[in-house]
Amino acid sequence: MPGMNAPEVTPGTRLLVVDDEAAILDVLATSLRFLGYEVAEAATGHDALAEVRRHAPHLVLLDVMLPDIDGFEVVRRLRQAGSQVPVIFLTARESGQDVVGGLDLGADDYITKPFRLAEVAARVRAVLRRGENGAARPLLACGDVRMNTETYEVHRAGVRVELSPTEYRLLHHLLLNRDRVLTHEQLLSHVWAFGEGDHGVLKTYISYLRRKLDALGPGLIETRRGVGYILRDRGSA
């Protein structure tokens with residue numbers, strides 16, 4: 001399938017895709033089956049709850065806006081029932097309140113629409129990989145910067161740093177890959193969906209992050225001219 005790589009998938013890995021838009025549901029399910037996953041489908045919140053009970057998926061891709069109960073309520077009911085199945089929200093809304101509210105309910109990640117199929121595949125692999133390695137790391141750190149991925153809070157030197165959803169995603173990816181140079185293309189593909197970002201936008205958001213983080217301590221984000229960026233604690237280098 002164009003634009004989709006097919007890395008090795010653990011046989012028997014089951015996914016549930018939930019979306020009330022038939023075209024999106026079909027494209028996602030077909031693409032994920034192409035990669036080797038077993039995929040069940042649902043178009044409503046109630047059907048999603050039934051499919052989780054029926055198929056016990058390893059991960060759920062869940063649209064927020066559904067015709068009966070929304071995705072937030074689906075996750076709330078899953079957690080109340082004791083299910084810890086990983087959930088990635090699919091949403092057209094990117095407000096900080098919506099994102100944090102969903103993640104506080106116990107979701108593992110979110111992807112904004114429109115999205116790249118390659119981004120969806122990468123997020124699915126990342127969440128599944130965290131599950132294979134045990135509990136997801138709730139705390140990411142570099143120097144005195146701390147990111148709590150359960151509360152979606154960022155602190156530096158004990159002071160809370162308010163970030164937009166895009167700034168948060170950018171810092172999250174830098175922290176996951178601290179001490180490693182990430183190219184412009186790698187950052188754009190992981191942080192911005194469907195060609196929304198370009199090198200100029202990336203440079204702007206790097207400057208936003210630097211302004212907020214550097215106000216509380218030494219600079220951590222270094223530029224590799226013509227290549228990309230690296231996050232590292234110079235004090236421990």
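Student: In strand 6 (residues 139-142), which residues are on the covered face and which on the uncovered one?

Tutor: Start with the general idea. In a regular strand the side chains alternate between the two faces of the sheet. Now the case here, in a model that is predicted. Leu140 and Cys142 make up the covered face of strand 6. Leu139 and Ala141 make up the uncovered one.

Student: How many bridges join strand 6 to strand 7?

Tutor: Four, and the two strands run antiparallel. Take Cys142 as a landmark: it stands opposite Val145 in strand 7. The hairpin of these strands has two residues between them. There, Gly143 takes a positive phi near 60°.

Student: Which residues have a positive phi although they are not glycine?

Tutor: The general idea comes before the cases. Most residues other than glycine have a negative phi, and most peptide bonds are trans. Ala56 has a positive phi of about 45°. Look for Ala56 in the loop between helix 2 (45-55) and strand 3 (59-63). Ala157 has a positive phi too, of about 50°. Its loop runs between strand 8 and strand 9 (159-160).

Student: What is the relative accessible area of Ala56?

Tutor: The value is 42%, so Ala56 is partly exposed. Ala157, at 48%, also counts as partly exposed.

Student: Where is there a cis peptide bond?

Tutor: Between Lys113 and Pro114, with omega about -5°. Pro114 sits in the loop between strand 5 (109-112) and helix 5 (117-132).

Student: Now helices. What span should helix 8 (residues 199-214) have?

Tutor: Count 1.5 Å a residue, and the 16 residues should span 22 Å. The end C-alpha atoms are 22 Å apart, which agrees. Helix 6 passes this check as well: twelve residues should span 16 Å, and its ends are 16 Å apart.

Student: Which residues of helix 8 are buried?

Tutor: Leu202, Ile206, Leu209 and Leu213 are buried. They cover an arc of only 65° around the axis, which puts them on the same side of helix 8. An α-helix has 3.6 residues a turn, so residues three or four places apart point the same way.

Student: What is on the other side of helix 8?

Tutor: Lys203 and Arg211, which are exposed there.

Student: What do the buried residues of helix 8 pack against?

Tutor: Several elements, among them helix 6 (165-176), helix 7 (184-191) and strand 7 (145-148). Strand 11 (221-224) and strand 12 (228-231) are also included.

Student: What happens at the start of helix 8?

Tutor: Look at Asp198. One of its side-chain oxygens comes within 3.0 Å of the backbone nitrogen of Gly200.

Student: How many residues of helix 6 are buried?

Tutor: Ten of its twelve, so helix 6 is mostly covered, given that buried means under 20% relative accessible area. The buried residues include Tyr168, Leu171 and His173.

Conventions
Residues are numbered from 1 along each chain as its sequence is written. This is a predicted model: local features need pLDDT of at least 70, side-chain atom pairs count only at pLDDT 80 or more; totals for chains, interfaces and linings use all residues. Side-chain values use heavy atoms; hydrogens and water are left out. The expected span of a helix is 1.5 Å times one less than its number of residues. Buried means under 20% relative accessible area, exposed over 50%, partly exposed in between (1.4 Å probe, protein chains only). The arc is that of the directions from the helix axis to the C-beta atoms. Contact means heavy atoms within 4.5 Å. A polar contact is a pair of N or O atoms within 3.5 Å; within protein, one must be able to donate a hydrogen and the other to accept it, and residues adjacent in sequence count only if both atoms are side-chain atoms. Two strands pair if DSSP finds at least two bridges between them.
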